[in-house]
Amino acid sequence: MKGDYPEDIFSIEDRRRGWVILHIIGMMYMFVSLAIVCDEFFVPALGVITNKLAISDDVAGATFMAAGGSAPELFTSLIGVFIAHSNVGIGTIVGSAVFNILFVIGMCALFSREILHLTWWPLFRDVSFYILGLIFLIIFFLDNVIMWWESMMLVACYTVYVIFMKFNVQIERAFKTQLHKHKSIVKVIAVEEPDKTNGNGEDNAPPAPEDKNRLKLKPSLQRGGSSASLHNSTMRNTIFQLMIHTLDPIGKFKEKAETLNSVARKKSDAKDKSEDGGEKTEQSKEPEPTPAAEEEKKEQPEDKKEDVPAKDDGSGESDDSESDEEDSDDESDESSEDEDDDEDKDEEEDEKDDEPLSLEWPDTRRKQATYLFLLPIVFPLWLTVPDVRNPKSRKFFVVTFLGSILWIAIFSYLMVWWAHQVGETIGISEEIMGLTILAAGTSIPDLITSVIVARKGLGDMAVSSSVGSNIFDITVGLPVPWLLYSAIHSFGPVAVSSNGLFCAIVLLFLMLLFVIISIASCKWKMNKVLGFTMFLLYFIFLVLSVMLEDRIIICPVSI
């Protein structure tokens with residue numbers, strides 16, 4: 001079946017003469033648009049909903065916030081099933097899963113300021129669920145059709161995950177007490193002993209009353225916390241803010257640097273402390289880091305001066321992201337530098353209860369250019385969707401929720417349609433477009449956030465967040481459109497025949513195992529070598545999956 005797309009103004013011949021550049025620009029523009037809708041409207045609306053329902057952070061992170069981060073993939077999947085009649089959705093989800101596991105974690109390892117120490121529990125927990133979901137997916141894919149009950153089983157996996165997250169802390173405690181009893185058996189995990197208590201200590205630490213700022217930061221610093229906690233934390237900075245705003249004068253920034261620093265310093269202190277170094281040490285460490293904070297403040301301004309030109313690339317980062325993976329690599333390098341600064345500004349705003357979207361005219365030339373570039377997206381959104389971060393509009397959160405879903409649907413549709421036109425012009429199948437370009441494009445916001453968080457020293461949060469959003473993709477993003485399709489077509493099966501995708505999923509499975517084994521063999525530390533290995537693996541995955549899809553190599557498991 002051919003996709004039900006509208007007629008293109010340009011014929012294939014026109015596009016081959018060079019008009020295809022318009023489609024490419026349009027597609028990149030949609031990446032930015034999706035990021036802006038999700039960050040500025042959808043995620044805040046979800047935040048209001050979770051507050052209204054009084055859901056715990058862990059569950060919110062695994063459900064609503066994961067949905068906020070993975071909305072583009074979910075809609076791409078819906079469009080693939082109902083409009084494109086192709087596997088573009090599966091391609092995008094598998095591709096972005098590999099992108100999240102290899103590319104994002106690789107970037108975190110490369111750009112973090114020191115070697116990242118990971119807490120093993122969140123990683124172990126998320127990866128176990130993820131592996132379960134992948135095994136189901138591989139088995140269901142074997143006969144080339146997905147039955148309605150198979151989709152139901154995948155959704156059931158997700159439900160189990162959410163219930164698990166509800167009792168995460170209790171299960172973790174029980175699990176670890178069991179491990180303590182059988183210490184001799186599990187040598188690998190025993191390496192992590194000091195960290196474990198830190199994981200628990202951190203969970204109990206936030207209620208410490210003496211530091212108001214730290215209370216505000218609570219969701220982002222629950223280390224053993226939610227898989228997708230990045231989405232509901234103060235660490236989440238929106239692309240619009242990254243592109244438009246820069247840091248305020250240092251004065252405002254001072255106390256911010258101190259709290260952030262004390263938090264980071266406390267973290268490393270807790271690391272060095274042995275098991276019995278409970279909350280008391282953490283609290284007593286609090287005042288110490290201020291001198292270091294002072295030093296950092298002195299460094300920050302110079303950083304900023306150097307970063308101003310680079311910021312240009314930073315703003316272009318999300319648009320050019322998919323022109324080439326390596327390209328995006330360099331840009332993230334520069335943008336992550338000044339986003340790190342920018343981030344503090346963003347958190348500043350978080351302190352003031354999440355500043356609503358402002359359409360003020362910025363001051364510098366470059367920012368004005370960026371502002372004009374983004375206006376066609378931001379203005380219609382600003383007109384049609386109430387901003388729930390504005391106290392007056394807070395009561396319209398349902399309108400915001402539905403409105404942003406509608407916009408995400410429109411932007412995803414345009415993105416997939418234009419990607420299809422580009423692929424048709426160059427002669428690439430939609431599956432390959434999904435696996436490579438759309439996957440990278442829809443994952444850019446997560447990449448930026450994870451790198452920033454890793455630079456703050458919260459490595460395990462970045463890693464477990466990237467695995468966490470994958471669980472949502474595989475157990476909701478794929479089966480929900482299939483279920484809807486089955487329900488409409490009197491519970492008939494959904495055909496998912498694709499020569500390369502089955503092998504791509506198996507490849508994804510192997511990559512995941514490799515990542516876990518390599519992180520465990522590095523004693524749960526992420527160093528630069530690991531980062532480079534992951535880039536290499538990502539490149540290998542891309543080459544292999546494209547060759548499989550084009551039947552250059554035949555998938556050994558013929559189905």
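Modeller: One term before we start: a residue is called buried when its relative accessible area is under 20%. Please also keep in mind that this is a predicted model.
Biologist: OK, take serine 96 then: buried or exposed?
Modeller: Serine 96 has 0% relative accessibility, under the 20% cut-off, so serine 96 counts as buried.
Biologist: Where does serine 96 lie, and which residues does serine 96 touch?
Modeller: Serine 96 is part of helix α3, which covers residues 88–111. Leaving aside residues up to four places away in sequence, serine 96 touches Glu73, Ala439, Thr442, Ser443, Asn470 and Asp473. With glutamate 73 there is also a polar contact between the side chains, at 3.4 Å.
Biologist: Switching to cysteines, how many disulfides does the count come to?
Modeller: The count comes to one disulfide, and the cysteines joined are cysteine 503 and cysteine 555, with 1.9 Å from S to S. Cysteine 503 sits in helix α21 (residues 501–521) while cysteine 555 is in the segment after α22 (528–549), so the pair ties together parts that are 52 residues apart in sequence.
Biologist: And what's the handedness of that link?
Modeller: The link of cysteine 503 and cysteine 555 is right-handed, with 85 degrees about the S-S bond, and both of these cysteines are buried.
Biologist: What about cysteine 108 and cysteine 522, buried or partly exposed?
Modeller: Cysteine 108 counts as buried at 1% relative accessibility, whereas cysteine 522, with a relative accessible area of 26%, is partly exposed.
Biologist: Now aromatics: how many pairs does the structure hold?
Modeller: There are 28 aromatic pairs in the structure. One of them brings together phenylalanine 10 and tryptophan 19, whose ring centres are 5.1 Å apart and whose planes meet at 15 degrees, so the pair is stacked. Tryptophan 19 counts as partly exposed, at 45% relative accessibility. Another pair, phenylalanine 129 with tyrosine 161, is edge-to-face, with 5.0 Å centre to centre and 65 degrees between the planes.
Biologist: Last one, what follows α17?
Modeller: Helix α17 is followed by glycine 427, whose phi is positive, near 90 degrees.

Methods. Residues numbered from 1 in each chain as written. Predicted model: local features only at pLDDT ≥ 70, side-chain atom pairs only at ≥ 80, totals over all residues. Heavy atoms only, no water. Helix = DSSP H or I, 4+ residues; strand = E, 2+ residues; numbered from the N terminus. Disulfide = S-S within 2.5 Å. Buried < 20%, exposed > 50% of the residue type's maximum accessible area, 1.4 Å probe, protein only. Polar contact = N/O pair within 3.5 Å; in protein donor to acceptor, adjacent residues only side chain to side chain. Contact = heavy atoms within 4.5 Å. Phe/Tyr/Trp six-rings, centres within 6.5 Å; stacked < 30°, edge-to-face > 60°.
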